[in-house]
Amino acid sequence: MSCDFSFRHYAECAERIGASDHDIEMIHDIDFEPNNVLAMAEIEHRYGISSTYFIRLHARTYNPFALPHLPVFQRLTKEYGHNLGLHFEPFFYAPSQIREAITQERSMLGFALGFEINSVSIHEPARFGSISPEDIPIGMKYYCWDAPYYAGKKYISDSGSRWREGCMCEHLHREKLIILTHPDSWYNRTSAENY
Ligand SMILES: [Zn+2]
Ligand SMILES: [Zn+2]
């Protein structure tokens, strides 16, 4: 198995994850374009994986309320059984507004998609700062490397199209694992398909 960011290798990993009885959770931050999310969602569905896709509301490159992106996100749940989460951007608010902002954005996104949003992750926390877990509305699951939910679990990420601790396929022996991938980083033959 050779490691790269091809959907071929993604499918090899997904097959192993789907067959594993370990606690392995797959999450995805949609940072730039939703172009790849259905390809990724289909692969996961094929191997019995239910993952969570986090959607931005302030991206310059896509709009979850607009055609053609709204139906793409709806298909993630309706066709493939995945979850949708809010990829929250604290930069747009004062610290005192964060809790209210998450509540409002969660509500807007959920209403538009016709799907309840129960998860939130933070966009670029390393550069623009994270938030306090106390600002997470009751009943929402908080995904971020400093989230209490991550305690006791190994967390790996392909941020910047680079696995800092080795490809996800090298971690599948772990009992508890959270794998964050960015659909923008994956391709069939070359990254030029995406950007
Ligand atoms: Zn690999
Ligand atoms: Zn992000």
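**Entry 1: the chain as a whole.** I began with burial and noted that buried residues make up 35% of the 195 residues in the chain, keeping in mind that I am reading a predicted model. I then looked up the contacts between residues at least 6 apart in sequence, and found that 67% of these join residues at least 24 apart.

**Entry 2: elements and overall form.** I counted 5 helices and 7 strands in the secondary structure of the chain, and from the N terminus on I read their order as α-β-α-β-α-β-α-β-α-β-β-β. The radius of gyration of the chain is 16 Å, close to the 16 Å that the globule rule gives for 195 residues, so I wrote down that the chain is as compact as a globular protein of that length. I also noted that the C-alpha trace spans about 50 × 40 × 30 Å along its principal axes.

**Entry 3: the sheet.** I reminded myself that strands of a sheet pair through backbone hydrogen bonds, either parallel or antiparallel. Here I found an open sheet of 7 strands with parallel pairing, in the order S5-S4-S3-S2-S1-S7-S6. At the edges I located strand S5 (141-143) and strand S6 (154-157), each of which pairs on one side only, and I noted that the twist averages 25° from one strand to the next.

Entry 4: I followed strand S1 (residues 23-30) to strand S2 (residues 52-55), which run parallel and are joined by 4 bridges; Ile-27 has Thr-52 in S2 as its bridge partner. Lastly I looked at helix H4 (residues 98-113), which packs on the sheet and touches S2, strand S3 (83-88) and strand S4 (119-122). The direction of H4 makes about 140° with that of S3.

Definitions and conventions
Residues numbered from 1 in each chain as written. Chains lettered and ligands numbered in written order. Predicted model: local features only at pLDDT ≥ 70, side-chain atom pairs only at ≥ 80, totals over all residues. Pairing = 2+ DSSP bridges. Helix = DSSP H or I, 4+ residues; strand = E, 2+ residues; numbered from the N terminus. Axes fitted to C-alpha atoms, helices over the stretch in contact; angles between N-to-C directions. Contact = placed C-beta atoms within 7 Å. Rg over C-alpha atoms; globule rule 2.2 N^0.38 Å. Buried ≥ 20, exposed ≤ 12 C-beta atoms within 10 Å, placed from the backbone.
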